[in-house]
Amino acid sequence: MIALDRTTIAVLRAHRSGQLAEADAYGGRYRDSYVFTNRNGDPISPGWLTHIFQRLIAAHGVPPIRLRDLRYGAATLALAAGVELKVV
């Protein structure tokens, strides 16, 4: 079980609505089993995500970081805010 705030739930519901619209447009060949997919429902390749992330970093002048660094940063901020290590 994962606890989510109302904003995240709203975003995920909107995302799901978009996926259902894509599934209708794609037809019976849509794979409906993942949260983040390409247009036919197949899972997004991790390499593609990394590529897009690096393009966004370069386009916005952010110092070079890896996608996984965001996870480490979020954990550091949570610990600094007093969240228990077990929860983080």
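Me: What does Arg 66 form with Asp 69, and how far apart are the closest N and O atoms?

Reply: Side chains of opposite charge can pair when their charged atoms come close. Here Arg 66 and Asp 69 form a salt bridge (a side-chain nitrogen of Lys or Arg within 4 Å of a carboxyl oxygen of Asp or Glu), with the closest N and O atoms 2.8 Å apart. Bear in mind that this is a predicted model, where local features need pLDDT of at least 70, side-chain atom pairs count only at pLDDT 80 or more, and totals for chains, interfaces and linings use all residues. Residues are numbered from 1 along each chain as its sequence is written, and side-chain values use heavy atoms, with hydrogens and water left out.

Me: How many salt bridges does the rule give?

Reply: The count comes to 3. One of them joins Arg 16 to Asp 32, with the closest N and O atoms 2.8 Å apart. Arg 16 lies in helix α1 and Asp 32 in the loop between α1 and α2, so this pair ties together parts 16 residues apart in sequence. Helices here are DSSP runs (H or I, at least four residues), numbered from the N terminus.

Me: Is Asn 40 buried or exposed?

Reply: Buried means under 20% relative accessible area, exposed over 50%, and partly exposed in between (1.4 Å probe, protein chains only). At 18% relative accessibility, Asn 40 counts as buried, whereas Asp 42 is partly exposed at 23%.

Me: Which residue's backbone nitrogen does the Asn 40 side chain reach?

Reply: That of Asp 42, at 3.0 Å. Asp 42 also meets Arg 31 in a salt bridge between their side chains (3.0 Å, N to O).

How values were computed: Polar contact = N/O pair within 3.5 Å; in protein donor to acceptor, adjacent residues only side chain to side chain. Helix = DSSP H or I, 4+ residues; strand = E, 2+ residues; numbered from the N terminus.
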